[in-house]
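Here is a guided walk through a structure with more than one part. Keep the sequence and the 3D view side by side as you read.

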Amino acid sequence: MLQGQQSWIFANRPVLLATAVAGGPFEARSAIAADFDILHDDIWLGQSSFEKAEKKLLEEACQTSIQKAGLQKEDIQFFFSGDLMNQIISSSFAARTLGIPYFGLFGACSSSMEGLALAAFVVNAGGARYALTACSSHNGSVNKQYRYPTEYGAQLPPTAQWTVTGAGAAVVAAQGVGPRVIGATIGRVIDLGVTDPFNMGAAMAPAAVDTIIAHFRDFNLDASHYDLIATGDLGKVGHAIAADLLRRQGIVIPENIFTDCGVLIYQGQQQVMSGGSGCACSAVVTYGHFFNRMLKGELKRVLIVATGALLSPLSYQQNESIPCVAHAVALEWEGV
Amino acid sequence: MQNNNLPTQEEYQQLAKEYEPKRPLLKNCIRAFFAGGIICTIGQFFQWFYMTYFDFTEVTASNPTVASMIIISMLLTGFGVYDHLAQWAGAGTIVPVTGFANTITSAAIEHRSEGYVLGVGGNMFKIAGPVITFGVFAAFVVAIVRILVEKLGVI
């Protein structure tokens, strides 16, 4: 139900029944490799194109999460999914395979939490017993569409980010055991005039901050309520800016609580410049790493703020700045 | 709706600049110098090789030399090595002819999945295209100027 200006509180506390994450070869060497359900050593996944490989990752994550929930795909009422491809083909094509009634979403890299917020809302309102939410990205297909060919030798600046190859899926249920979805804050589109597509962290940081502030205001909370507040894919540069912007508003979140999925995912020797990015970044870290830590009891209250840059290669070439959005979802693990 | 007191665009861009790690300009220049130099030395070796062991002069040897460098660059691109070299070398690998070969090869590989005509054929020159377009145009302008100057009897 509506809480404050732009948030929902889920009185029936829908359950995150099961999750699954799939990744590529680079992710198999990442800091959170152990949290993946499926890892591939071939960036193509044996497919004839990067786009097909991405779709396969998404299908695998969806099918595995349904299986882990002990369900059949016929048990799921609705499927909410998004990705970065033109006309969100990865999601729609995966929906064709799954055959579950489908909502296609585009919130760029914020799609993970946009999907979870909507799935939880529908389940909370009794609109579904089970809903599936997922999103995916693929380093090859994203580079091809937004940047340069993968093998092109351009030197990336230190602000650039590495698109995660992977997919994350979660089954949201009205009943069951698992972390609960407590509430969500839907973000506004914020554009503070950053135009450099190789500095997405700086472009997205204000959107993340705007949503975090709105979340605290709407729920009348402060940062100490959460064990972990993670932004989606701001990277090192964007994370530092977001912390600064919050400090200017008098909100100081300790370093051990405020983190970023794009900073967490890869390890030191992996050359990813500012950090990870892509729809899969927040999805695999949340549905893999954080989900497992919640089940282990290490985290009780978590706020995920997935950030998305709503640009297209066309808008960038036409010298438009980069509008960004962030959606926050609050999760809580109460123990078994 | 409240604006949550975010900074204005101007203020924010100033702030973002402060957090933007600078490109290591000096380091990049030194690396580019050595990487570019090594590539040119390899080219020089090929020229010497073709002049010494085959029937080429200093002028005609440039054709097989360039072809050899392009083939090496294409192979390195295909094996997924060139982009890693380029991240280290920067302009050192972009400026020589090997960089040009890399732009065409990488685009051709990338778009193979859309078929040979619309994919490879249509996208091969996606990055190299502007270089060719403006290169040809610049050559045209220079040629016109030269003809005019000659006809006017300046030289």
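In chain B, take the contacts between residues at least 6 apart in sequence: 52% of them join residues at least 24 apart. This picture comes from a predicted model. Chain B has eight helices and zero strands. Read from the N terminus, its elements run α-α-α-α-α-α-α-α. Its radius of gyration is 22 Å, while the globule rule gives 15 Å for 155 residues, so chain B is more spread out than a compact globule. The C-alpha trace of chain B spans about 75 × 50 × 40 Å along its principal axes. Buried residues make up 21% of the 155 residues.

The domain assignment divides chain B in two. Domain 1 covers 9-124, and domain 2 covers 129-155. Taken over C-alpha atoms, the centres of these two domains of chain B are separated by 27 Å.

One helix of chain B deserves a look of its own. Helix α2 of chain B takes in residues 25-53. At 1.5 Å a residue, its 29 residues should span 42 Å. Which residues of α2(B) are buried? They are B:A35, B:G36, B:I39 and B:Y50. The cover over these buried residues includes α3 (62-78), α4, α5 and α6 of chain B.

Now turn to chain A. It has nine helices and 15 strands. A compact globule of 336 residues would have a radius of gyration near 20 Å; chain A has 18 Å, which agrees. Along the principal axes, the C-alpha trace of chain A spans about 50 × 50 × 35 Å. Buried residues account for 60% of the 336 residues in chain A. Among contacts in chain A with a separation of 6 or more, 79% are between residues 24 or more positions apart.

Next comes the interior. In soluble globular proteins, nonpolar side chains tend to be buried together. The largest nonpolar core here has 131 residues. Which residues have the most contacts inside it? They are A:A167 and A:V172.

Helix α3 of chain A covers residues 111-124. This helix has 14 residues and reaches 19 Å from its first C-alpha to its last, close to the 20 Å expected at 1.5 Å a residue. Is α3(A) mostly covered or mostly exposed? It is mostly covered, with 13 of its 14 residues buried. A:G126 follows α3(A), and its phi is positive, near 85 degrees.

Some loops of chain A hold positive phi values too. A:L45 is not a glycine, yet its phi is positive, about 50 degrees. A:L45 sits in the loop between β4 (38-39) and α1 (50-68) of chain A. It counts as buried because it has 20 C-beta neighbours inside 10 Å. A:N220 is not a glycine either, and has a positive phi of about 55 degrees. Its place is the loop between α5 (200-219) and β11 (228-231) of chain A. Why does A:N220 count as exposed? It has 9 C-beta neighbours inside 10 Å, and a residue with 12 or fewer is exposed.

Another loop of chain A, between β1 (2-3) and β2 (7-9), holds A:Q5. With 13 other C-beta atoms within 10 Å, A:Q5 is partly exposed. A:Q5 and A:D218 are 213 residues apart along the chain, but their C-alpha atoms are separated by 6.3 Å.

Finally, see where the two chains meet. The contact takes 32 residues from chain B and 32 residues from chain A. On the side of chain B that touches chain A, α1 (9-19), α4 (82-89), α5 (91-94) and α6 (97-110) of chain B each supply at least two residues. Which helix gives the most to this side? α6(B) does, with seven residues. The residues of this side of chain B divide into 14 nonpolar, 14 polar and four charged.

Notes. Residues are numbered from 1 along each chain as its sequence is written. Chains are lettered from A and ligands numbered from 1 in the order in which they are written. This is a predicted model: local features need pLDDT of at least 70, side-chain atom pairs count only at pLDDT 80 or more; totals for chains, interfaces and linings use all residues. Helices (H or I, at least four residues) and strands (E, at least two) are DSSP runs, numbered from the N terminus. The radius of gyration is taken over C-alpha atoms; the globule rule is 2.2 Å times the number of residues to the power 0.38. Two residues are in contact if their C-beta atoms, placed from the backbone, lie within 7 Å. Domain bounds come from an automatic or database domain assignment. A nonpolar core is a set of buried Ala, Val, Leu, Ile, Met, Phe, Trp, Tyr and Cys residues joined through C-beta atoms within 7 Å. Ala, Val, Leu, Ile, Met, Phe, Trp, Tyr, Cys and Pro count as nonpolar, Asp, Glu, Lys and Arg as charged, and the others, Gly among them, as polar. The expected span of a helix is 1.5 Å times one less than its number of residues.
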